[in-house]
Amino acid sequence: MIAFDRVSLAYRTGQFALEEVSFTLKPGSFTFLTGHSGAGKSSLLRLIARLEKPTSGDIQVGNEQYSRLKPRHEPRLRRSMGIVFQDNQLLYDRSVFDNVALPLIIGGYRFKDVKTRVMAALERVGLSDRYADNPIVLSGGEQQRIGIARAVVARPKLLLADEPTGNLDAGISEEIMKLLLQFNASGVSVLFATHDTDLLNGYRFPQLVLDGGRLTADQTVGGAGFSYQPQSPNSEPEVTS
Amino acid sequence: MIEPDVGSRWSYTKRGYALTQSVRQLRERSVATFITLFVLGTTLALPAVFWFGSASLSNLVNRSVGEESITVYLSLDVSELDGAAFAKDWQNQTGVKRTTYISRAEALALFQEQTDLNDALAALGSNPLPGAVVVYPNIDPAVPGDVTVERVEALAARFKAMNAVERVQIDLDWVRRLQSALTLFRVIVSLLAVFLTLTGLLVIGNTVRLELLRRQREMEVSTLLGASRSFLTRPILYTGTLYGLLGGSIAAVIATIAYSFIKTPADQLAAQYASPFRLALPTAGQFLTIIAVVTALGLIGAVMTVFRPSSTHITNR
């Protein structure tokens, strides 16, 4: 599903955000992407979402080889994945419904489908009764759930979560985690960037560990290369250096 | 599942969304929007007033030429019969409305009536005055004044080239002076119109640029959600077009009101000079043309702002 082949991303200063990163994530997997602040987690997610272009190396997501991807096809690629952000990136000039409907409007869905899908997504995050509210009146956890509903409303096959629990307390982080697990159980691949040790220790999913832009092993990987042990039937990432 | 009570079906289509967002942004900042539209309207009203007036001024030259006639003096050896035939022949020629033949005898009678030189004429023994044909040119009001003058002069030149004609008299000098004054006026007004139109374009461009900055977050989020470049730019282009449409409407209304204030004293002034000249009221076509032109100006201003190289948050996607 996602394959990084010796991918590097350098700043103009010459400093590397990511250096020679290679890994493969299989469809339907749930993978933690972890590392300290500035390790390159967000850069890696931005590369997958084609918001950045690698300095060298190649990326493949599904059937899309990024080195062959034309710029005009990048929006279509982004529409095929859902992204959840730490600061949820909601728009406070419109209702919850309109926030969640935005990816469907962008995708050109019919009005009937927009209504059905938005309400179904809100139902899944437990906020269908708040569809008419402005998100600003909702709590941080509720806003993040709206962000998740928006990310999954177009039923993507891949969900990228960039520290979605970073600003939330432990109880709400747990709720968000359970929601993402539900989506993963329905076949959505999830790449979850976090440095929340409680979550990392509480859920023994495969981890991609970044340190200074380089991919390194963690305790579950061991010293013999980067071959993860499957944690669930759905998650079998392979990491090679 | 709850049946949501949301906006209209159309506002959830791509184009409907863009227009809904544009209208909402204008309404949310109603005071700022009104001020911008008023600035745009008053700026572009002045060129509109000049444009309304220019059509009437063009007619002024045509009317002035139309009031002039060409007097064609025939040779003394042209008989009365030939003179009358000459006038009749020219009656049906292109560019001629009508002709009047004045025989030598009629000319003498008129001369005697209007002067005290009867004794001098009697001393000559015979009638020294030639027969004459007064030619009234046919003026096409749709043709510009300078073209009309050229056509009348060409007609006079045709008469001059004829053997039967002794002399051709026409006084178009004052019409030429009027024409020059109007040309100067038009150039000044055109320059002023260009400057004011550029000002209007800058007002729209700056307003759209601010709108771009205000919508930056929405555009960033939309980009992350997979919005195409056309999806991102469409609301901005609609906003520019809306500014043009509303600003153009205000300009057309202000120009019409201002023009009606000018019309009365201008008509009175013309009447004092016994001129049939009257300022014509703007037509519905002119009114709509102003709205259409300013709407196009709004779209152009928005396009220039959205697609200029520094708008990287759009052009790089």
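In chain A, strand β9 (residues 207–211) runs antiparallel to β10(A) and is joined to β10(A) by three bridges, where helices (H or I, at least four residues) and strands (E, at least two) are DSSP runs, numbered from the N terminus. Within this pairing, A:D211 has A:R214 of β10(A) opposite. The structure is a predicted model, in which local features need pLDDT of at least 70 and side-chain atom pairs count only at pLDDT 80 or more, while totals for chains, interfaces and linings use all residues. Residues are numbered from 1 along each chain as its sequence is written, chains are lettered from A and ligands numbered from 1 in the order in which they are written, and side-chain values use heavy atoms, with hydrogens and water left out.

The two strands belong to an open sheet of chain A, in which six strands follow the order β6-β7-β8-β3-β9-β10 with mixed pairing; two strands are taken to pair if DSSP finds at least two bridges between them. The edges are held by β6 (81–85) and β10 (214–216) of chain A, each of which has a single partner strand, so one side of each is left without a neighbour in the sheet. On average, and with direction ignored, neighbouring strands of this sheet are turned by 20° against each other. Helix α5 (residues 140–152) of chain A packs on the sheet, where it touches β6 and β7 (158–162) of chain A, and its direction makes about 165° with that of β6(A). Here contact means heavy atoms within 4.5 Å, and axes are lines fitted to C-alpha atoms, for helices over the stretch in contact, with angles running from 0 to 180 degrees between N-to-C directions.

Helix α5(A) also meets helix α3 (residues 96–106) of chain A, the two axes coming within 7 Å and crossing at roughly 30°. The helices α3(A) and α5(A) are therefore roughly parallel to each other, given that angles under 35 degrees count as roughly parallel, over 145 as roughly antiparallel, 65 to 115 as roughly perpendicular and the rest as oblique. On the side of α3(A) the contact is made by A:V96, A:N99, A:V100 and A:P103, and on the side of α5(A) by A:I146, A:A149 and A:R150.

Elsewhere in chain A, A:R50 forms a salt bridge with A:E74, with 3.3 Å between the closest N and O atoms; the term requires a side-chain nitrogen of Lys or Arg within 4 Å of a carboxyl oxygen of Asp or Glu. Because A:R50 lies in the loop between α1 (41–48) and β4 (56–61) of chain A and A:E74 in helix α2 (residues 74–79) of chain A, the pair ties together parts that are 24 residues apart in sequence. Over all chains, a search of the whole structure finds 22 salt bridges.

Chain B has an open sheet of four strands in the order β2-β3-β1-β4, with antiparallel pairing. Its edge strands are β2 (96–102) and β4 (165–169) of chain B, each with a single partner strand, so one side of each is left without a neighbour in the sheet. Strand β1 (residues 70–74) of chain B pairs with β4(B) in the antiparallel sense over four bridges, and B:T71 has B:Q169 as its bridge partner in β4(B). Helix α3 (residues 80–91) of chain B packs on this sheet, touching β1, β2, β3 (132–137) and β4 of chain B.

Finally, the axes of helix α1 (residues 14–28) and helix α9 (residues 229–272) of chain B come within 8 Å and cross at roughly 50°, which makes α1(B) oblique to α9(B).
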